[in-house]
Amino acid sequence: MLGRSILRASNRAIARQSLGKSTRASSTAAGAEAASSPFYLTLTAALATAAAAGSTAWYYHLYGQEAFAMTPAEEGLHATQYPWVHERFNKTFDHAALRRGFQVYREVCASCHSLTRVPWRSMVGTMHTVDEMKAFAEEHEYDTEPNSEGNIEKRPGKLSDYIPAPYPNEEAARAANGGAYPPDLSLITKGRHGGCNYIFSLLTGYPDEPPAGAAVAEGMNFNPYFPGTGIAMGRVLFDGVVEYEDGTPATTSQMAKDVVEFLNWSAEPEMDERKKMGVKAVALLTGLFAVSVWVKRYKWAPLKTRKIVYSPPIGPRR
Amino acid sequence: MGLSDFFSDVVSSFGFTEAQAEAPVQDTETETTTQEEPAEKEESASVESVETESAEETPAEESSEEAPEEEEAEAEEEEEEEEEEDEPEDIKPKLEEECAHSAVCAPYKHHYDECVERVTRQEEDEDYKGPKEDCVEEFFHLTHCVTACAAPKLWRELK
C-alpha cells in the first residue's frame, strides 16, 4: 500500500512539472504575438462579426415571424385536454366503457358513419362474448361467392366479416347527407388533431345557439371545435338517446366519453397488449441490468482486490 | 423441459386470477330470472285487474282511463320514474355554467357578454353601417376557459 501511494505521488509530481513547463512556454509565446498584432487583423475580425450578426438579423426580419392568415374561427377551437384514464401509461381500456361505446356507435353513429376496418371478431373477448357478436353479425347480410351459375347471393354475416358501411360508396353518402361525407370512424382518433379530446369536444360542444353575429350557412350547424365552425353533422347525442344495459345513466357526456373510448379502441386495438409488452420489456431489462451488475462485480473481483507490492531488492549497503 | 416446467409452476403458484370474457353461467341465469319474474307478475296483475273491472264494454286501452284512482296514481308514479330513468340529466352544462361564473373565467365572460350586447345592438340598428362583427373569438376564449375548468370535475362524475 505504502509503495503504491509513493509511486502514484511521484508520477503525479512528474506530470505536473512537465505540464507546467509546457503551458508556461506557450503562454509566453502567445503574449508576444498579441503584442505585435497588426490593425488589419482586428478590423477583419470585427467586420466578420458584424456581418454575421447583420445576416442573422436580416434573416429574422425576412422569415422570422410567421404570418397567420387564418382567423381563430377558421382554425377551430382547440380541444380541451381531458384526463382520459386509458391514456395513462399504466392503464388499460375500460372494457365496460368500450362495450357501452359500441352500443352508442351501433345505435347512433352507425346510421351515417362506417367502421369498415373493424371486423366483428375483433370485439370477441374485448367487450362481447362469441355468441353476442355472432348475433350482431347475423343481423347483416353479405354477398356470397358466385355460385355454380355465376349468381351472387346473400348470406348472413359471420364473425370474420367486417362491419358493413351504411352507404355503398362515397357518392351515395354525400347524396344522402346534403353533400357532406361522414368520415369512416375506424381510425378517426388518430386521424384528427386532438384525437380523443377533439371528438369528445365536438360531440358535446354544440352550443344552444351560435354566438351573436356568427354566420351559419344553411343546412350547417355551429360547432366551435370544427375548423370553420360550420359542420354538417347536427348534434346527435342527447340525454337518454341510448339505454345502457348496465344501468349507467346515459347522459350526453357519458355517451360521448364511451363512444370516444370505443373509437380509440378501434383505432388502436393493440393498446392493452402494447402496454403489457412495455411492462414485460421493463421487467426483462431491469433483470438483465441486475445480472450485468452482478457479473461485472464477479469479473472485476480479482482486479479490484489485487494488491501490488513492491519489495525492493535487499542489496549490500553502500 | 425441466426448467420451463419449474418456471410455469412458480408463476402458477402466485395465483393470478385470469380475466374471463365469459360471465359465469349460473349467476346470469339467476339474475335474469329474478329480474324477469316480478316484471311478469306486475304485468299479469295489471292486465287481470283491468280485465276484471271493465272487460264488458271497452277495450283495454280505454278502460285504463276509467280505472280507479289508486291505480292511476301508481301508474303516474311509475311513468315519472321511467322518465327520470330514461332522461338522466347531463352534468356537463351545469358544471360549465358554474365555471363560467367563477372568478377564473370572469374576464372572458365579461368580454363575451359585452360583445353579445354590442353586436345585437348593431344588428337591431338599421342605420348602422360600420364593419360587421361577430363574437366567435370571445366565445372561443370563454369556452376554452370554461371547459378546461370543468374537465376534471366532469371526469370525476362520469363512469
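**Helix packing and chain contact in a predicted model**

Me: At what angle do helix α5 (residues 92-100) and helix α7 (residues 136-157) of chain B pack?
Reply: This is a predicted model, where local features need pLDDT of at least 70, side-chain atom pairs count only at pLDDT 80 or more, and totals for chains, interfaces and linings use all residues. Residues are numbered from 1 along each chain as its sequence is written, while chains are lettered from A and ligands numbered from 1 in the order in which they are written. The axes of α5(B) and α7(B) lie 8 Å apart. Their angle is about 120 degrees.

Me: Are α5(B) and α7(B) parallel or oblique to each other?
Reply: Angles under 35 degrees count as roughly parallel, over 145 as roughly antiparallel, 65 to 115 as roughly perpendicular and the rest as oblique. The two helices pack at about 120 degrees. So α5(B) and α7(B) are oblique.

Me: How many nonpolar residues has the contact of α5(B) with α7(B)?
Reply: Leu95(B) of α5(B) and Val146(B) of α7(B) are among the residues that make the contact. Nonpolar means Ala, Val, Leu, Ile, Met, Phe, Trp, Tyr, Cys and Pro; Asp, Glu, Lys and Arg are charged, and the others, Gly among them, polar. One residue is polar and three are charged; the nonpolar ones number eight.

Me: Which helix gives the most to the side of chain A that touches chain B?
Reply: Residues are in contact if their C-beta atoms, placed from the backbone, lie within 7 Å. In chain A, 28 residues contact 29 of chain B. α3, α8 and α9 of chain A each supply at least two residues of that side. With four residues, the one that gives the most is α9(A).

Note on methods. Axes are lines fitted to C-alpha atoms, for helices over the stretch in contact, and angles run from 0 to 180 degrees between N-to-C directions. Two residues are in contact if their C-beta atoms, placed from the backbone, lie within 7 Å.
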